[in-house]
Structure formats: C-alpha cells, structure tokens
Amino acid sequence: MSQSNANATSSVETSTSPNPQPKKERRKWITPRTAPYIFIAPAVLLFLIFTVYPVISSFLLSFQEGKAGNFSFVWFDNYIRLFQDKLFYKALGNTFIILLIQVPIQLFLAVIIATALNSKLIKMKSFFRIAYFMPAITALVAASIIFMILLDENYGLVNYLLSLIGVEPVGWLTDPFWSKVSLMLVITWRWTGYNMVIFLAGLQNIPASLYEAAEMDGASKLRQFFYITIPQLKPIFLFTFVLSTIGTLQLFDEPYILTDGGPNNATLTVTLYLYQNGFQYFDFGYASAIAYVLVLIIGVLSWLQMKVAGEDK
Amino acid sequence: MKKWLSLALTLGLSVGVMAACSDESSSENSGGEGGEPSGEITVWGWNVAAQSMEMAVEGFQEEYPDVDVKVEDIGRLDVYDKLTVGLASGGNGLPDVVLVESDRLANYMSEFPDSLTNLSERGYDDHSDKFGEYKNSVTQNADGEYLAAPWDIGPAAVFYRTDIFEEAGVNAEEIETWDDYIEAGKTIKEKTGVKMGPIDIAADDALYRMMMNQQGAYYFDEEGNIDLTSDESKRTFETIKEMHEADLVLNNDGWNGVVSATVNGEVATVPFGVWYSGTITDQAPDLDGKWGVFQLPAFEEGGNRAANLGGSDLAIPSSSDNQDAAYAFVEYFTTEEDPQMTALKERGIFPSLESAYENEYFKQEVEYFSNQQIYETFANVVPDIPVANYTSDYSRALKLVSDAQASILLDGQSVDEALQNAADTLANDTDREINE
C-alpha cells in the first residue's frame, strides 16, 4: 500500500512541471494542472485515513493506559513493563528460533526446487510450478484447519500413518517441542513455493553464456551451481531473505489457529502476544507498545541485512 | 501544489478523527418514551443460546406486540470481537441486547462501565431474590447494581459411562471424594483400558476451575488479589497431577478433541457443566442409556460438591437507541418461566431463575441418562455454588493457569513453582497484589 502510494506521488511530481497555458476567461476546476491531484486524491485520502491516522494514533496509544474506558498518559510505563515481561521475551525468542531455523531451510529448498524446475531435464514444468506455488495462494485459515486435523494427536492422519510403522503417537500440536516443529513445517509448506517463483525469475536472468563458457572449461554441474548460480542469485537471496524475515516477525495466523500460542507458550509469537493483549485483555496501550517495538526490530534487521549484503559489492 | 497537499492532509485527518469520535452521544435518546415500548431491537447471541432467544420472541410479542425482535446468530468469538471493538469506539454498530458469558462479564463491566445500561435504574432489583447468590454476584457491579440480567447457569457434575463402570465393577454412587475418583479410575483403567477423563492440557483449565470453585476459591479473592498460590490452588493441581501420573487423563487438543473422546468411548467420565448433556445426547445418539450423572467429588468426605462452569447473561449496550424495548425483552426473557423451560427442553440450556426448578419437568427421568432425574440433580447443585470473583483480568488468569497446567503436566515442573510463576506474571501484568 505505502509503496504504491509513494510511486503515485513521485510520478505526479514529475508530470506537474511548469506547463505554459493560455489564460482562460472561465475558471475551471479540472485543468491539466489539477487533474493528477484529483485522480490520486481517493488513494491519498484512503491512505491517510486507514494508514497514517492509525499509525499516529497507535503511537500515541502506546504511551497511554486505559482504565475503565478512560485513557491517560503513563509515558514510558508500557515500554518499561515490556522490557521486564518474560512472556514478551519468550515470544521474541520463539520468533527468532523460527527465523534462524525455518527461513534458511525454506530458502535453501526454494533454490533447489527452482534450479530443478529451470533445468531442461524436467518434464511437465508448469504443473510442478503451479503445484509448488499453490500453497501461497490458499486461504490461510482453511490450510491451517486442514493441518490441525492432519496433525491431531489422537485422530490425525499423520499419527495414524506413523502408527503403521510402529511409531508412538506424537503430540504434534500439544507437545512444546513438536508444536514448534509443526509450525515450521506449515510455514515452510506455505512459503517455499512463493520464494521458488522469485528464484525462478532470478535464474532466468542469468546469461546462458556463463554456463556455456563453464561447460567448455569442463566444470561439473555442481561446480556451475556453486560458482555461477549462487553468486548470480545474490540480490535475489537478499530480497527473499528480507521478505521472509519481515514475514516471520509478523507471523500470526498459523500459530493462532493451530496452537493459539500453546502449549505453554511454545509457539507464542510477538504478533500473537500483541493480539492477546489488545483484544483479549483489552490492554490496548500495551499492545501498541509491542507493535512499535516490533516495528523497530524489523527496521533494524532489514537495515542490517541490506548493509551486510551491500558491503562486498 | 503545496496548498493542495495540505488541504488533502487536513481533510484526511479530520475525516479520520470524525470517524473516531462520532456516535459517542447517541445513548441519550430512547425510543417510545413514556408509553409502551415499540420499534425494532436487534439481539446478538450464538448457537443454541441464539436459538433459545428466537424461540422466546413469540411469547414476548404477546405482551409487547409493537416490538419487533431480530435475533442474530453470530459466532461466539465474533460476538466478543465485535462487542469489544464496538464498545471501545463508543458504541458503533452494537445491537440493543447482547449475550455475554458470566466469566467474561466482569471484564466488560470494569473496562466499559458506562457503556452498559444500568438495569437497576430500570427496576431490575425487584427480581434479585429470584436468583441465587452466585448468579447475582456475577451480574452486579461493585455497588450491587445490575449491569446484566442473569440467564443460564452451569452447575457442574460428572457425566459417566454406566456400561464401562459396570464392566469394571465400580459403583459410581460410592465416589464421594477425589481420592475415591482416582481409585475408581485406576480400577477402570486396569479392567477396561479406558482412561478416566479428558483434559485439554495446553489450553483449558476447566477441571481446575471447577475444583477451585467448589472449595470457594478462584484465581482472585474477594478483594481482587491474586490467589493462585493458595492452599486450595496447590491442592487442586496436586490432585490433577496425581490423575495424570496414574495415566488417567487423556490429553485432548481443543473442544473437538474432548467431544471426540467422549463420543468414541475413550474416556469413562467427563466432569463438566450441565450444558454438556446437550452435546452428549446430540453427538452420541447411539449411546442412549449408557450415560449417567453423579455429583462432583469433594476434597474431603462431606465437603462441598457444588461448582459452576459456564453460563451467560444479557446486557444492553448504552448505545442502544431503543432502551425501553430492549429492557422489556431482557426482563421478559430472564424472569419469565416460559422462555426458561423452552430453552431447557429444546436446547438443554439450564435456567438460573430458581422458581423454574419447581416445574414438573425437573422431576422427570431422562431416558438417555439411564432414567436418572438429572435435571433435579443439577438444580440441587445451584444453591450451593460458591461465589467466585472473576475480575477484569479473568482471561489473563485463565491463560496463565492453563500455561501452568501445561508446564506441570507436560514439562514436569513442580506445582509450587508453576503457580508461583503464574502469580508473579499476573501481578506484573495487572498491578494486583499476590496473597501470601
């Protein structure tokens, strides 16, 4: 939303360069000079009402406390409380565990699949591309409910299949360790195909001449992969990594539906904790403070990733 | 160009501000002033409760022919989401009457005290002797004024499988204490392989709440101080832990898991509120005659066996512009016997209106439950239900105690430590004192 608006504004600025016009007798509202503003006005208005206003309002809210419906300023109390809140650290910890384990696995899988689907050896490419991309456009709630049924400890298909080969029932959603694993599996299922498509686009931009030259020098396929494909994909890696980081930090739907943050907060994420505080405990000020700390973390992480990746250019 | 931009900015901001502030003052005008209530009112509820209200409309209109009642069946959690957002924004888009569960009510009453109509000012106090102490306590605010009207109540008991008990040679009537219950469970496990009861360990502490309530304890004491580290609380979790260690507990994921276990015969008993009878008869019609009910076991012989789990009440948001009609409906629906009996017969919803218990229907033997007079059993529980102080931090406490339950049963943490942690976190989040 914000991105598209920024583009819209900048394009307007360039198009409204001094435009010599003959003076007219009647004053018109719609002139070539004003038309662009009128066209973008609805978008700007919506942006202001539904994005800018809530952003400012929740920032102010994060310095307030609501008691019996009346809000009063408590300044940094919410933030101070946040930095002493064990559950917040637990949520942050969970989110980072997912970030550090799941995101690399997912991106690695995405590259492998993209490379395979880009090679000439595989038939029915478009079928596989669609099949892998499908999860990204499935309704999240529906998908999560299906997984909930599959992973049920007592009646789920997964445990039934495992029981056929003599494995004891696993508490996929009720055991603190396995629930984290389940959550990561579901996210990987959902987002690998999405990243794969981005990698696929990147792969097709690598000049074929590089591979031809390597071929002539007798480089193996594996060497080509590590010395041509990976380095050439570097900007794509950066892009997908930043996107996945932001996505993981905002993870909400899957843990909300699958486990509701349980058992014992093993799958509590920062946004889920924010939701609980705001809409279940009515602690709106505190929830806003969590939101702003999260914004800060995302900003810092994205900046770091850009910086690290940009340095050895 | 700058002028345009600033104009757009001011316009946008002022529209946003206006949207946030409007509709704040619409609570004053109530329709049909003076005369008979008239017009249309909207009622929010869910599931069988909404159906019960729908069934009451006809009787209501015999007394108030000019009022149209529109009952909307919204999902339970959707009602809360919409109610929270609506109240927080000063009453936008709220109905004239809304159903709220008793244990969630305190939260709304304390967060939005002026957004709920004071029913005492309209004369609801006249009905106060028609309800038990427990039900009055949850619908009144600190000053003893009704902010909601008491409707259904959830007296608790143990539903059990008569055939499984028989097979194991256990007599349900001899179970008087939780120790007896555990012993019976061990025998049943040994003889039939069936576990004693289901618990949704990670997400719901229902058994803990029933056990606490029967001891006259809860998350908070009467002053609202945190009471999680009390002797009653520790004793309760020690008992649940003992059941779990004896492998008598089936860990279920969510409500559906509990229902499946009940229907599939994987558990011999289910301690729950009376409303579960509706679920059992509905979901397991082929187990006709194989279920029975006995009172919750006590902690010591002769101890209190009464507890409540669930139940709900009706509130009128102050934003309603037809307060007269809304109040008329709430009064009719909660204090007349007819709608209570219809709700019980048709949908298994148990009235809190005590005069209804005189009805012949309560003496009736229920075929599905081995011809027991189960309604009388539950009605007898009601007067002994101890008062519980749910407070505005009920949801937070429920979450933290469920977490403590998971860490005791799944991670092997000690009861004392888990409860102390929960109490500390709760104190940190709510500015409440912990009882020593």
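Let's start where the two chains meet: 44 residues of chain B are in contact with 39 residues of chain A. Keep in mind as you look around that this is a predicted model. Together, chain B and chain A bury about 3,500 Å² between them, and 57% of that area lies on carbon and sulfur atoms.

What about the polar side of this interface? Seven residue pairs are in polar contact between chain B and chain A, with both residues at pLDDT 80 or more. Several elements of chain B give two or more residues to the side that touches chain A, including helix H1 (2–21), helix H3 (76–88), strand S6 (249–251) and helix H16 (415–430). Of the contributing elements, H1(B) gives the most, with nine residues. Sorted by class, the residues on this side of chain B comprise 19 nonpolar, 15 polar and ten charged.

Charge pairing comes next. Side chains of opposite charge can pair when their charged atoms come close. Two salt bridges are found across the interface of chain B and chain A. To see a salt bridge between side chains of the two chains, go to Asp429(B) and Arg81(A), where the N to O distance is 3.9 Å.

Over all chains, the whole structure holds 19 salt bridges. Within chain B, the side chains of Glu101(B) and Arg76(B) form a salt bridge at 2.9 Å, N to O. This pair links distant parts of the chain, 25 residues apart: Glu101(B) sits in strand S3 (residues 97–101) and Arg76(B) in helix H3 of chain B.

Finally, turn to a pair of packed helices in chain B. Two packed helices are described by the angle between their axes and the distance between the axes. For helix H2 (residues 47–63) and helix H12 (residues 323–335) of chain B, the angle is about 110° and the axes are 10 Å apart. H2(B) and H12(B) are therefore roughly perpendicular to each other. Which residues of H2(B) and H12(B) meet? On H2(B) they are Ser52(B), Met53(B), Ala56(B), Gly59(B), Phe60(B) and Glu63(B), and on H12(B) they are Ala325(B), Ala328(B), Phe329(B), Tyr332(B) and Phe333(B). By class, this contact between H2(B) and H12(B) has eight nonpolar, two polar and one charged residues.

Methods. Residues are numbered from 1 along each chain as its sequence is written. Chains are lettered from A and ligands numbered from 1 in the order in which they are written. This is a predicted model: local features need pLDDT of at least 70, side-chain atom pairs count only at pLDDT 80 or more; totals for chains, interfaces and linings use all residues. Side-chain values use heavy atoms; hydrogens and water are left out. Contact means heavy atoms within 4.5 Å. Buried area is the accessible area (1.4 Å probe) that two parts lose on being put together, summed over both. A salt bridge is a side-chain nitrogen of Lys or Arg within 4 Å of a carboxyl oxygen of Asp or Glu. A polar contact is a pair of N or O atoms within 3.5 Å; within protein, one must be able to donate a hydrogen and the other to accept it, and residues adjacent in sequence count only if both atoms are side-chain atoms. Helices (H or I, at least four residues) and strands (E, at least two) are DSSP runs, numbered from the N terminus. Ala, Val, Leu, Ile, Met, Phe, Trp, Tyr, Cys and Pro count as nonpolar, Asp, Glu, Lys and Arg as charged, and the others, Gly among them, as polar. Axes are lines fitted to C-alpha atoms, for helices over the stretch in contact, and angles run from 0 to 180 degrees between N-to-C directions. Angles under 35 degrees count as roughly parallel, over 145 as roughly antiparallel, 65 to 115 as roughly perpendicular and the rest as oblique.
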